Amino acid sequence: MSGAPASAAGGSPGAQGATGAPGASDAPGASGAPGATDAPGGPKTPRGGKLGAAAVNQASLWNIANILTMIRLVLVPGFVALMLADGGYDPAMRAWAWAAFAVAMITDIFDGHLARTYNLVTDFGKIADPIADKAIMGAALVCLSGLGDLPWWVTIVILGRELGVTLLRFVVIRYGVIPASRGGKLKTLAQGTAVGMYILPLTGALASLRFWVMGVAIVLTVVTGLDYVRQAIVLRRRGIAERRAAAAEAER
């Protein structure tokens, strides 16, 4: 009658005494959920509790951060189709491809911020977000190199660095997590700006400028990649030292 949850109604000693009849809480209608009984030593979680928690976790998949990540994934094949339309040199199609790339980059900024700010981090997001990031960037680089707009060695350096850092994170994850650095964020910004400029059919001074912007992006890509290697080595050594110290302490 009070609208209290079943677990609250059955878990209070005073509430049990108020029924006036032993075992009243075992009746199916007492808690509003069949099978919600009290253990001798305290309240017992309803059998539907785990199912309810699973339903909440499943619903949390459809939060705004994950939806933005999904949009970024869906944009990848559309971006490729626009880039390669009419041989890849239609100015209008390249402009639309740039728009799709820009939307993907913007969602990359907002989905992570929203997930951290509003506690929307999910296992799906942890896996899908980096995949979406690398998918749109990789698609743009491969398309540009395939069309002859960007040297293949640039694509190999950038994608090789991204793949290497990702693998490195998995290798040292047993010792800890390598946090995203300010240099890494600048690298992402430089890469996105440079690739976006190459996607657009620019001419004249802007076409020359994009060459230098890409040069900055490549330098940041290499430097931050080496810094991740350094952090991974330090993290691994620290983790090994802590484990050895803990083992030595346990033997005493």
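**Reading burial, contacts and helix packing**

Guide: Asp86 is exposed in this predicted model, because its relative accessible area of 60% is over the 50% cut-off.

Visitor: Where does Asp86 lie, and what is its phi?

Guide: Asp86 belongs to the loop between α5 and α6. Its phi is positive, about 55°, although the residue is not a glycine.

Visitor: Which residues does Ala85 touch, and where does Ala85 lie?

Guide: Ala85 is also placed in the loop between α5 (64–84) and α6 (91–117). Leaving aside residues up to four places away in sequence, Ala85 touches Asp90 and Met93.

Visitor: Is Thr69 buried or exposed?

Guide: Thr69 is buried, because its relative accessible area of 1% falls under 20%. Its place is in helix α5. Beyond residues up to four places away in sequence, Thr69 touches Asp111, Ala128, Asp129 and Ala132.

Visitor: How many helices and strands are there in the protein chain, and what pattern do they follow?

Guide: The protein chain has 10 helices and two strands. Read along the sequence, the order is α-α-α-β-β-α-α-α-α-α-α-α. Of its 252 residues, 30% count as buried.

Visitor: Among contacts between residues at least 6 apart in sequence, what percentage joins residues at least 24 apart?

Guide: The value for the protein chain is 70%. Tyr175 gives a case to examine. This residue lies in the loop between α8 (152–172) and α9. Tyr175 and Arg243 are 68 residues apart in sequence, yet 9.5 Å separates them in space, C-alpha to C-alpha. Not counting residues up to four places away, Tyr175 touches Leu235, Arg236, Gly239, Ile240 and Arg243.

Visitor: At what angle do α6 and α7 pack, and how far apart are their axes?

Guide: To read a helix pair, one takes the angle, the axis distance, the handedness and then the residues in contact. The angle between α6 and α7 is about 155°, with the axes 10 Å apart. An angle over 145 degrees counts as roughly antiparallel, so α6 is roughly antiparallel to α7. Their crossing is left-handed. From α6, the contact draws on Arg94, Phe101, Ala104, Met105, Asp108 and Asp111, and from α7 on Asp129, Asp133, Ile136, Met137, Ala140 and Leu144. By class, there are seven nonpolar, no polar and five charged residues in this contact.

Visitor: How do the axes of α7 and α9 cross?

Guide: The axes of helix α7 (residues 123–146) and α9 come within 11 Å and cross at roughly 40°. That angle makes α7 oblique to α9. The crossing of α7 and α9 is left-handed. Met137, Ala140, Leu141 and Leu144 of α7 meet Gln191, Gly192, Val195, Tyr198 and Ile199 of α9. The classes in the contact of α7 with α9 are seven nonpolar, two polar and no charged residues.

Visitor: What is the packing angle of helix α9 and α10?

Guide: Helix α9 (residues 182–199) packs with α10 at about 150°, and the two axes are 8 Å apart. This makes α9 roughly antiparallel to α10. The crossing of α9 and α10 is left-handed. Among the residues in contact are Gly183, Gly184, Leu186 and Lys187 of α9, and Leu220, Thr221 and Thr224 of α10. The contact of α9 with α10 comprises 13 nonpolar, six polar and two charged residues.

Visitor: Which residues does Thr224 touch, and is Thr224 buried or exposed?

Guide: Thr224 is situated in helix α10 (residues 205–251). Its relative accessible area is 7%, and Thr224 is therefore buried. Outside the four places on either side in sequence, Thr224 touches Arg161, Gly183, Gly184 and Lys187. Gly183, Gly184 and Lys187 are listed on the α9 side of the contact with α10.

Visitor: With which side chain does the side chain of Thr224 make a polar contact?

Guide: The partner is the side chain of Arg161, at 2.8 Å.

Technical notes
Residues numbered from 1 in each chain as written. Predicted model: local features only at pLDDT ≥ 70, side-chain atom pairs only at ≥ 80, totals over all residues. Heavy atoms only, no water. Helix = DSSP H or I, 4+ residues; strand = E, 2+ residues; numbered from the N terminus. Buried < 20%, exposed > 50% of the residue type's maximum accessible area, 1.4 Å probe, protein only. Polar contact = N/O pair within 3.5 Å; in protein donor to acceptor, adjacent residues only side chain to side chain. Contact = heavy atoms within 4.5 Å. Axes fitted to C-alpha atoms, helices over the stretch in contact; angles between N-to-C directions. Parallel < 35°, antiparallel > 145°, perpendicular 65-115°, else oblique. Left-handed = near helix turned anticlockwise from the far one by under 90°. Nonpolar A, V, L, I, M, F, W, Y, C, P; charged D, E, K, R; others polar.
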